[in-house]
Every structure is written in C-alpha cells, then in structure tokens.
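Please look at the sequence and the model together while reading this report.

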Amino acid sequence: MAQPTGSERMERIVALAKRRGFVFPASDIYGGINGFWDYGPLGVQLKNNLRDAWWRDMVECPPLGPDGSPLSIVGIDSSIIQNPRAWEASGHVGGFSDPMVDCRETKARFRADHLHVLRPKRELEAPVYFAYLEGEPDPAVRTARKAMRGRPSVDDFDSLPLSELDESDRAHVWAPGASEAGTLTESRDFNLMFKTFVGAASGEENTAYLRPETAQGIFLNYKGVLDTSRVRLPFGIAQIGKAFRNEVTPRNYIFRTREFEQMEMEWFCHPSEAKIWFEFWTQSRMDWWSGLGLAGDRLRLRRHEASELAHYAQTGEGTFDVEYQYPFTEPDYGELEGVAHRGSFDLEQHQEWSGVKLETFDPETRERFVPHVIEPAAGLTRGVLALLCEAYSVDESRPSSELMRFPHRLAPIHAGVFPLVNKGGMPEIAESLYLELRRRYRIQYDAKQSIGKRYARMDEAGTPYCFTVDGQTVEDRSVTVRDRDTGAQERLSIDAVPRYLDERLSL
C-alpha cells in the first residue's frame with residue numbers, strides 16, 4: 001500500500017497530532033503565537049518517554065567506552081537564567097545572530113539565509129527573481145505565473161540562495177507574498193536571545209537573558225561537579241532542559257521553534273584523546289537513534305562543511321550531524337542531533353571572564369591543562385517530530401486508516417484493556433486486569449463505543465497491544481490480544497497477560 005509522502009504526509013501528521021492530542025498550537029483559542037507549541041496528553045507522554053530513554057542510556061546506564069569499560073556521566077539541572085556575563089564570555093551577546101530581511105510591503109520578516117530565489121532559465125529583457133523559503137518553492141511559482149506570461153513550472157527555473165545575488169539584483173526580487181519586486185530590505189544581523197529583566201527595575205543594569213542553549217550551564221558547573229563528585233577525566237555532564245531562541249522565521253511545525261528542549265552532554269577529556277572520543281560519540285549517537293527505529297535511508301550522518309562550522313568547532317574533527325529525512329525536507333534531510341568537538345574554547349572563555357581556574361591537574365603526569373570537550377547535543381522536540389514522522393502509517397483495511405507505529409519503549413500507551421460489552425461481568429474482569437497492569441505499564445481502560453472504534457483510537461495513539469474481555473473470558477478466563485502492527489488476534493489466558501507484556505515491551 002502506497003504511503004503519502006512530502007507535504008501531503010506532513011499535513012496528515014499535523015492533523016492527526018492535533019486531533020489526538022499530541023501537539024496543539026500554543027494559545028490556540030487566541031489564534032496561536034508563532035513559534036510556540038503545547039504538548040497534549042499523548043504528546044507529553046511521548047516526549048517524556050524519549051527524554052527518559054535518553055537519560056537512562058546516557059546517565060544511568062551509559063554505553064561502554066572504546067576499551068569496553070563503563071563510562072562516567074553525571075547529570076545536572078542548571079538555571080534558565082544565568083549571570084549575563086556568562087553569555088558575554090560565551091560569545092552569545094556579541095555574535096549569536098542571524099541575518100534578517102524584511103518585506104516593506106507585507107511587513108513579513110525572514111532569515112536571509114533561509115531565502116532562495118527562482119531565476120527563469122530562459123533569457124528575459126530584464127532580470128527577475130522570485131523568493132521563497134528554502135524547501136517551499138510552490139508560492140514563488142504561483143507568484144511567477146502572475147508576473148510572467150504563460151504557465152511556468154518549477155522546472156522552468158534555476159534555484160539559488162538569495163545571498164548569491166548582487167546588490168543590484170535585489171531590486172528585481174519578488175518577496176514571498178509581495179505584489180511587486182524590490183520590497184526586500186538590506187540584510188542585517190538580529191540577535192536571537194530573548195531579553196528579560198531581573199528585579200523590579202527594567203534598566204540595562206538589570207538585563208538578563210533566557211538561555212539560548214543548555215550547554216553553558218554545564219560549563220559553568222564544571223568545577224562544582226568536579227569538586228563534589230567522584231568523577232575524574234574523562235567524564236561527562238548531561239542535562240535536559242528548555243532553551244529559547246527568537247527565531248526570525250519559525251517554520252516546519254515543531255522543527256524550528258522559539259521555545260524548545262535540548263538533550264545535551266559535554267564529554268570532558270584530555271586534548272590528546274579528543275579525536276578518539278569524537279569518533280566514539282559520533283557513532284554512538286547514530287546507533288542510539290537507529291535503535292529507536294529511525295533506521296534505514298531516512299537517517300544519515302553528515303559532516304559539516306567548513307563554512308558551517310561554529311566558532312568553537314575544531315577544524316580537525318569539526319562537527320557531524322545525525323540527520324533525518326523529514327517529510328518537509330524530502331529528498332533532503334534536516335538536523336536531529338549534532339556531535340561537535342568544541343575544544344577548550346568554552347572553559348577557557350569562562351576561566352578568563354570569571355577569574356576562576358578551570359584547569360585540571362593530572363597527578364600522574366604532573367600536567368595542568370584545560371580539558372577538551374566533545375558535545376552530543378540533540379533536540380528533544382525534534383526527536384519527537386522524527387518519531388511522529390517515522391511512526392505514521394496508512395492502512396486502508398483498518399477501521400481507522402491511520403496508525404502510529406511507535407517503538408514499544410516509547411509508545412504513550414503500552415496497552416488498552418476493554419470489556420467487549422458493559423454487562424455480563426465483563427467490565428469487572430476488565431477493570432481488575434487494568435488495575436493489575438497499570439502498576440507496571442502505561443495502560444488505558446476504554447469501555448465506550450464499538451470495539452472497532454476502540455481499536456481505531458488505540459491505533460492512532462500508537463498503542464502496541466489491546467486486550468479484550470468477552471463472553472468467553474467469563475467461561476475460561478482467556479482474553480483476546482490484538483497486535484497493533486499486524487492486526488492479528490489470538491487467545492491468551494488472562495493470568496499470562498503480565499508475562500506476555502514483559503516479554504514484548506522493552507523498557
């Protein structure tokens with residue numbers, strides 16, 4: 001059965017996610033607010049399950065190192081608001097910005113590096129370009145049809161980044177949604193940090209910032225962790241938390257938002273061992289996402305080009321991205337997690353600005369040095385989006401043609417328990433089974449509407465198994481178990497249900 005792809009697939013996923021309570025637009029009853037999203041009952045459980053899986057596999061039971069020895073990784077939870085000097089030291093106050101352009105006509109604002117233009121392949125009397133957000137050329141084609149004779153298609157144009165145009169050509173660019181050319185302003189830098197004020201006054205001396213990343217909180221606590229914990233290099237500090245970036249053009253659903261969550265770990269090691277650890281963590285993080293079911297052609301590793309590297313990235317190793325092929329990026333990919341060799345940049349900056357020594361002393365070699373850092377940094381909310389996209393499937397043979405095939409470990413609901421009808425002792429047996437199972441698993445009891453509609457609800461929620469208590473249960477204490485992925489059903493002793501789930505749900 002052919003599955004929907006591209007924009008059609010994405011539209012269906014967004015609609016199902018809202019209908020079933022995975023993701024809602026924030027402040028929806030007031031018309032929403034761009035770049036912010038709320039997670040409903042199923043969505044917050046899916047997000048928490050992914051968060052807990054990461055914490056379990058990175059902190060509580062981290063992978064074995066290159067030599068087969070257990071790794072030492074501890075966790076922290078740092079404040080969202082830090083001393084503003086921390087952001088000056090890290091370079092965020094002076095250099096954490098994106099190029100921005102405005103449209104004078106529509107008042108719309110765009111990230112300049114997200115804008116591309118369509119240029120007609122055939123020669124025209126005067127140059128003309130039609131701007132669009134990267135990956136979304138259709139509106140530009142529609143604008144071109146209004147401005148040009150004929151019915152051009154996207155194949156009639158060459159595509160190039162807006163940044164490649166000469167200044168003289170900017171006057172011939174039709175901005176997205178504009179009715180004439182030449183309405184885009186010059187590009188200017190826009191700092192992405194959200195400002196706030198600490199205390200009663202709102203003067204510059206009280207200015208603070210919502211953190212744009214969770215990593216700096218780890219660096220600020222490096223010495224405290226080293227002094228109070230039984231850890232020695234090499235070791236890691238992990239953190240999961242919210243970050244905020246005032247994105248110029250939030251887009252692609254929950255992929256690029258202004259409020260999001262990160263799962264980051266900073267691995268501190270001797271500079272001479274950094275290359276080994278960079279290779280280890282790059283492959284380890286790829287393997288982890290693969291193990292969650294994001295495998296095959298839709299997941300890949302990509303090394304950053306030199307022009308993409310952050311100011312802290314070491315050119316020897318640089319940065320790798322674990323990328324996923326989201327429906328809105330097809331046939332290309334979008335970032336899911338980055339693994340960077342940050343060198344000693346952050347610790348040295350904070351050491352200089354704070355006046356506090358962040359060196360490490362090796363008693364065996366008598367050497368003092370500032371550790372290098374390998375950083376695997378994943379987007380929790382982007383991970384949720386990848387799981388939604390990977391799990392979505394269409395099966396026309398079912399009561400509901402849509403289902404979510406989440407990995408068992410991450411499914412918001414592990415199993416549904418139903419009485420076939422609400423009489424004949426069936427509800428009592430079903431409730432007893434529900435109460436027993438919920439102590440260990442995420443179980444939902446559902447006694448409303450037909451059994452087909454209840455199965456459909458569970459399919460859309462991504463529930464792996466459903467147990468139905470019927471008339472035969474009353475006679476021989478067996479239940480029907482239905483498998484989400486195959487739709488197959490079998491009889492099972494009610495006493496064997498806990499063991500059945502134990503064997504099939506890897507938690």
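In strand β16 (residues 319-324), six of the six residues are buried, so this strand is largely enclosed by the rest of the structure. Here buried means under 20% relative accessible area, while exposed means over 50% and partly exposed lies in between, with a 1.4 Å probe and protein chains only. Strands (E, at least two residues) and helices (H or I, at least four residues) are DSSP runs, numbered from the N terminus. The structure is a predicted model, in which local features need pLDDT of at least 70 and side-chain atom pairs count only at pLDDT 80 or more, whereas totals for chains, interfaces and linings use all residues. Residues are numbered from 1 along each chain as its sequence is written, and side-chain values use heavy atoms, with hydrogens and water left out.

From β16, the residues Thr319, Asp321 and Glu323 point one way and Phe320, Val322 and Tyr324 point the other way, and all of them are buried. Two strands count as paired if DSSP finds at least two bridges between them. The pairings of β16 and some pairings elsewhere in the chain are listed below.

| Strands | Bridges | Direction |
|---|---|---|
| β15 (residues 299-303) and β16 | five bridges | antiparallel |
| β16 and β17 (residues 334-343) | six bridges | antiparallel |
| β4 (residues 97-102) and β5 | three bridges | antiparallel |
| β23 (residues 415-419) and β24 | three bridges | parallel |

Within these pairs, Arg303 has Phe320 of β16 as its bridge partner, and Tyr324 is bridged to Gly334 of β17.

Strand β4 belongs to an open sheet of three strands, ordered β5-β4-β10, with antiparallel pairing. Strands β5 (109-111) and β10 (188-191) stand at the edges with a single partner strand each, so one side of each is left without a neighbour in the sheet. On average, neighbouring strands of this sheet are turned by 50° against each other, direction ignored; axes are lines fitted to C-alpha atoms, for helices over the stretch in contact, and angles run from 0 to 180 degrees between N-to-C directions. In this sheet, Met100 finds its bridge partner in Arg111 of β5.

Another open sheet has five strands in the order β24-β23-β25-β26-β27, and its pairing is mixed. Its edge strands, β24 (443-445) and β27 (489-493), each pair on one side only, and neighbouring strands of this sheet are turned by 25° on average, direction ignored. Helix α11 (residues 426-437) packs on the sheet and touches β23, β24 and β25 (465-469), its direction making about 160° with that of β23; touching, or contact, means heavy atoms within 4.5 Å. Helix α14 (residues 497-504) lies across β23, β25, β26 (478-483) and β27, and runs at about 170° to β25.

Where does Ala243 lie? Ala243 has its place in strand β13 (residues 235-244) and is buried, with a relative accessible area of 0%. Leaving aside neighbours within four places in sequence, the contacts of Ala243 include Arg211, Pro212, Arg258 and Phe260.

Taken as a whole, the chain has 14 helices and 27 strands, and 51% of its 507 residues count as buried. Of the contacts in the chain with a separation of 6 or more, 65% come from residues 24 or more positions apart. The C-alpha atoms fill a box of roughly 80 × 75 × 50 Å, taken along the principal axes.
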